[in-house]
Amino acid sequence: MTRALLLGSALTLVLAPAAALPRVRSSALGPILLVLAAGWPVVVLLGPAAAAGHGRAPAGPLSDGLGTLELTRVGGGLLALTAACAWLRWLGRRRAQRRGRSLAVAVAVAPVAVLATSARGMVPLALLLALVPLLVAGRWGAVDGAGALRAVVSRAVAIGAIGLLAGAALAPTVGLTHTAPSLVGLCVAVAMAALVGLLPFAPWSVLAAGLAPSEADLGLTWCVPVGLLGVATLLAGEPRAVAASLQALLFGLGLATAVVWSAVAAGGPDRTRVSALQAADVGLMAVGLASGRTDGLLGALLLLLLTLVVPPALASGAPGPARVAGWLAAGGLPPIGAFPGRLLVLAAASTVAFLPTAVVTLAMGGLLIGGARGALGGFAAASGRSPEPGAAREGRGTAAGVGWLAAGAALLAGPLGPVLVPLVYGVRW
Amino acid sequence: MSTPAWLALAATCSGVVALLVDGRRGAVLAVTVLGAAGGGLASLSGGLAAFAVVLGPCVLAAVVIELGARGSGVRSAALGPLLPAPPSEMFGSRALRVAGGIAALLAARWLAGHVAAGLVVTPVPVFSCAFLWEVGILRAALARTPQEIGLGILAAAVATSAFLLLRGGTEELAVAALAVGAPAGGLILAAIPRRLAR
């Protein structure tokens, strides 16, 4: 497996630049080379996984808590990371899209988010977690226009907040009855699914992009990281009975989310591709966290880094090549971008059973194809064949610099993950 | 009937009001009734302080909503569209809420048998809290306006606060205040007229 991955990565490093050559990319060979460069891991990964899965019993239930990992500075790391990424997005945007009030809300959410991820104990954690989407939804409520869309988004966020409130109230009763742990796990799992955008609440994270971009950022930069890190904290600290039901529900919802949105990313319209890629990655993050394995958690944290870094590289102000690099990173072109994180999640899923392994592999394949299609669109825009939004402003000003910076970070974040993740979150194992 | 049973009945009735009320005074009525009934439920274990912690934010929110609606022509405090649903719709939002409410009563009855509230031995107050959570979910899921979503969250927050106080008594006052204060604060912020908020 390792040898196949190394060979495939070397193949990608040759094929992807070749596909970018001007003569090649303008011919029919360019897309073929790019799809080959992006699509081989599906074959390499699915084959051995299928072979390993047949004739072998599932490895058993999900492991306890977070494996052997300990997160020592989640709150501080989250604050530093999201502040840096939010600033990058702010700079990479056109002046008309820079909304002061959404930035003010983002700053107001920061202390609550840090408190929530640093809190110990179910009740304060759940109450503070509920406060984050309420603040964000409050801002969305004040945005003009897009009423129906806003209603869908606000409803999902409201259900998440209510689930957390109920979970917070029921948590202290866990030891009193046999049903209470499952009820608490159910409440929190539904709340987290609504908060981070898993199925059946997934549409909100994608629809939020239909609001002003700065408003969608609020959800992505705060709700998703805080929700996922809140899950990690809960899994590490809660009684086994609660963690077990929470893990099982999130694992299933994460798998469903990943496979559905990866299919949308691969075959859906261009305007929803970025959001679909991110929604599928959120599903994979939930799978990684819920697997309870060390590599799953590392993969989830790595994907979280990517989810925050990639959008600035795909913003309208980014120059063409930076946008192409951003697409390749988001698609998980081996060995760069999101690929290492997804591979770690796959490794964690493969220890549970064959079916999750196959589903994660399929999702990875869909995401690769989606990234390749986005990159092809970026090539077309760079060569002037497709009037992509913002193409006229390419290569100029602060936005271009931010685009290049974000693209570089997105490409390197995956390979540098073993260094970055412990540095940001204070991971010990 | 004992005092807990009466208070639980009042809380359940407040849930029915919060679930079904519409119109211009709907938000004020629902918020006030929820606060009073939730506070009464909480006072079973927490006494007068618990009653004040739950009722206070709700009354403040109701006052600001009313004053905001009077002082502003921009934002209406009306709960839901004032015009009735068109005749082509067989089931309007309120009909769905009624159907959901009946299912919620059955679900709350089941929940009350499987959750214990610590200090309170009878499951009746737990039934009321569970019903209020479900009212919150129904109101938010079938909402047509931001005010309805806010009211749904407040109903769940009142239930959370009352349940925490029922279980832990006055030790949980701070957490209960946070639970009910944050959604009430959101309703207050939303009710401030836009020209004053600038």
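**Helix packing and chain contact in a predicted model**

Helix α5(B) is mostly covered, since 23 of its 23 residues are buried, where buried stands for 20 or more other C-beta atoms within 10 Å of a residue's own, exposed for 12 or fewer, and partly exposed for the range in between, with C-beta atoms placed from the backbone. The model is a predicted one, in which local features need pLDDT of at least 70 and side-chain atom pairs count only at pLDDT 80 or more, while totals for chains, interfaces and linings use all residues. Residues are numbered from 1 along each chain as its sequence is written, and chains are lettered from A and ligands numbered from 1 in the order in which they are written. Helices (H or I, at least four residues) and strands (E, at least two) are DSSP runs, numbered from the N terminus.

**Helices of chain B**

- Helix α5(B) has 23 residues and reaches 33 Å from its first C-alpha to its last, close to the 33 Å expected, the expected span being 1.5 Å times one less than the number of residues.
- After α5(B) comes Gly169(B), whose phi is positive, near 65°.
- Arg109(B) lies in helix α3 (residues 93-114) of chain B, and because 13 other C-beta atoms lie within 10 Å, Arg109(B) is partly exposed.

**Packing of α5(B) against α6(B)**

- Helix α5 (residues 146-168) and helix α6 (residues 173-191) of chain B pack at an angle of about 165°, with their axes 8 Å apart; axes are lines fitted to C-alpha atoms, for helices over the stretch in contact, and angles run from 0 to 180 degrees between N-to-C directions.
- This makes α5(B) roughly antiparallel to α6(B), as angles over 145 degrees count as roughly antiparallel, under 35 as roughly parallel, 65 to 115 as roughly perpendicular and the rest as oblique.
- The crossing of α5(B) and α6(B) is left-handed, a term used if the near helix is turned anticlockwise from the far one by less than a right angle, with right-handed used if clockwise.
- Residues in contact are those whose C-beta atoms, placed from the backbone, lie within 7 Å, and among them are Ile153(B) and Leu154(B) of α5(B) and Val180(B) and Leu187(B) of α6(B).
- By class, this contact of α5(B) with α6(B) has 15 nonpolar, 4 polar and no charged residues, where Ala, Val, Leu, Ile, Met, Phe, Trp, Tyr, Cys and Pro count as nonpolar, Asp, Glu, Lys and Arg as charged, and the others, Gly among them, as polar.

**Chain A and its helix pair**

- The secondary structure of chain A comes to 18 helices and 2 strands, and of its 429 residues 60% count as buried.
- The axes of helix α12 (residues 273-291) and helix α13 (residues 294-314) of chain A come within 7 Å and cross at roughly 165°, and the two helices are therefore roughly antiparallel to each other.

**Where the chains meet**

- The contact takes 26 residues from chain A and 27 residues from chain B.
- On the side of chain A that touches chain B, α7(A) gives the most, with 12 residues, and that side has 19 nonpolar, 6 polar and 1 charged residues.

Key
Contact = placed C-beta atoms within 7 Å.
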